[in-house]
Amino acid sequence: MQDTRRICKPPVTDGEAFLLGNGEIMDTIETVTAMQAYADRQRSAGKTISFVPTMGYFHEGHLNLMREGRKRGDCLAISIYVNPTQFGPQEDLARYPRDLERDRRMAESVGVDVLFYPPDREMYPEHYSTYVNVEKVTENLCGLSRPGHFRGVATICCKLFNMVKPHVAIFGKKDFQQLTVIRRMVQDLNMDLRIEAMATTREADGLAMSSRNVYLSPEERAAALCLSRSLQMAQALKDRGELETSRILAATSDFIAGHPHTRIDYIKICDTQTMMDVETLERESVLALAVYVGKTRLIDNHVFGEPLDI
C-alpha cells in the first residue's frame with residue numbers, strides 16, 4: 001500500500017481537534033453517529049481503516065499497536081473506553097488509571113487520525129440489554145476466575161467494530177485468551193475485518209507492559225519479574241525434552257510461589273485454538289499465567305516454540 005498517511009482529512013469531529021507535530025489534526029469523536037459517519041466517509045473514498053481499541057493509560061505496548069496500525073491503514077483510529085461490563089463487582093473499575101491528556105499527546109506522537117472517546121451513555125444507553133457470549137474458548141483461565149468478563153469484552157469489541165467500521169483491528173498477544181475470543185467472534189459472526197496480533201511489549205527487564213503496573217510498589221515490581229522468568233523456565237524445560245505439562249506447571253508454580261507478594265490465580269497450559277488444558281506438548285500450546293502481586297493482578301503468557309524476547 002502506498003504511503004497515504006494523513007490523507008483521510010479534512011477533519012470531522014464532534015469533540016475537539018488536536019494539532020499534531022506535523023501540522024495535521026487528530027480528531028476526537030465522542031458520539032456513535034459521528035464515528036460511523038466518519039468511517040463511512042473514509043470507506044466511500046476507498047480508504048482503509050485500521051483500529052486499535054484500548055482502555056487508555058497508554059504505554060509503549062499500546063503505541064506499538066498504533067504504529068502497526070499506522071502501517072496497515074490509510075486512516076488510523078483508536079478508542080479509549082474503560083468498559084464497565086468486563087469488570088467484576090470486586091475489581092478495579094473505579095481505580096483503573098486514567099489520564100486523557102497524556103493519552104492524547106502519546107496518540108498524536110504516533111500519527112493517530114481519530115480518537116473515539118465515547119461516554120457510558122453512548123455505549124450503554126438506557127434499557128440496554130444485548131450482549132455477546134462466545135462459548136468454549138471462554139470457559140477456562142480468566143473465564144473461570146472472572147465470571148462475565150469475556151461477555152463484556154466480546155460485547156464492547158463487537159460494538160466498537162460496528163461503530164468504527166475498520167478493515168483491520170490490531171490486538172496484543174499479552175492477553176492471549178482475549179485475542180482468541182475476539183478471533184472466534186469475528187469468524188463466527190462473519191465480520192468483515194481482519195484481526196492482527198502483535199507480540200507482547202516488555203520492559204527492559206522482561207516485565208510485560210501493563211497499565212496496572214503503576215499499582216506496584218518497588219518491592220512488588222521486583223517480585224513481578226517472576227512471571228516472565230517462569231515463562232523462560234518453562235520453555236527451557238521443553239527445550240530439554242520435557243513434554244508433560246504437569247511437570248512444567250509444577251516447576252513454574254513453585255518458582256512463582258517462592259517469591260514474596262505473589263498469589264497465583266492460575267497457571268495453565270492450553271491448546272491455542274480451544275483454550276482447554278492439555279496434558280502434553282504435542283500440539284501448539286500456550287502457558288498462561290494470572291498472578292496477584294500485592295493487590296495487583298498481572299497476566300502473561302508464552303506460546304511454546306515462539307520467540308521469547310526477555
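How are H6 and H7 oriented to each other? I looked this up first. Their axes come within 10 Å and cross at roughly 55°, so H6 and H7 are oblique to each other. Angles under 35 degrees count as roughly parallel, over 145 as roughly antiparallel, 65 to 115 as roughly perpendicular and the rest as oblique. Axes here are lines fitted to C-alpha atoms, for helices over the stretch in contact, and angles run from 0 to 180 degrees between N-to-C directions.

Notes on the model. I worked from a predicted model, in which local features need pLDDT of at least 70 and side-chain atom pairs count only at pLDDT 80 or more, while totals for chains, interfaces and linings use all residues. Residues are numbered from 1 along each chain as its sequence is written, and side-chain values use heavy atoms, with hydrogens and water left out. Helices (H or I, at least four residues) and strands (E, at least two) are DSSP runs, numbered from the N terminus.

H6 and H7, continued. I noted the crossing as right-handed, meaning that the near helix is turned clockwise from the far one by less than a right angle. In H6, I found Phe150, Val153, Ala154, Cys157, Cys158 and Phe161 meeting Gln177, Gln178, Val181, Ile182, Met185 and Val186 of H7. Contact means heavy atoms within 4.5 Å. The residues of this contact divide into 10 nonpolar, two polar and no charged. For these classes, Ala, Val, Leu, Ile, Met, Phe, Trp, Tyr, Cys and Pro count as nonpolar, Asp, Glu, Lys and Arg as charged, and the others, Gly among them, as polar.

H1 and H6. I then checked helix H1 (residues 32–44) against helix H6 (residues 149–164); their axes come within 7 Å and cross at roughly 55°. H1 and H6 are therefore oblique to each other. Val32, Met35, Gln36 and Ala39 in H1 meet Asn162, Met163 and Val164 in H6. By class I have five nonpolar, two polar and no charged residues there.

S6 and S7. Strand S6 (residues 168–172) pairs with strand S7 (residues 194–198) in the parallel sense over five bridges; two strands pair if DSSP finds at least two bridges between them. Glycine 172 has methionine 198 in S7 as its bridge partner. Between S6 and S7 the chain passes through helix H7 (residues 176–188), in a right-handed β-α-β crossover. Right-handed here means that, with the strands pointing away from the viewer, the path from the first strand over the helix to the second runs clockwise.

H9 and H10. For helix H9 (residues 225–239) and helix H10 (residues 245–257) I read axes that come within 9 Å and cross at roughly 155°. H9 and H10 are therefore roughly antiparallel to each other. Their crossing is right-handed.

The S8-S9-S10 sheet. I found an open sheet of three strands in the order S8-S9-S10, with antiparallel pairing. Strand S8 (262–271) and strand S10 (296–303) stand at the edges with a single partner strand each, so one side of each is left without a neighbour in the sheet. The twist averages 15° from one strand to the next. Strand S9 (residues 285–293) pairs with S10 over eight bridges, and valine 293 stands opposite threonine 296 in S10. Lastly, I saw H10 lying across S8 and S9, at about 160° to S8.
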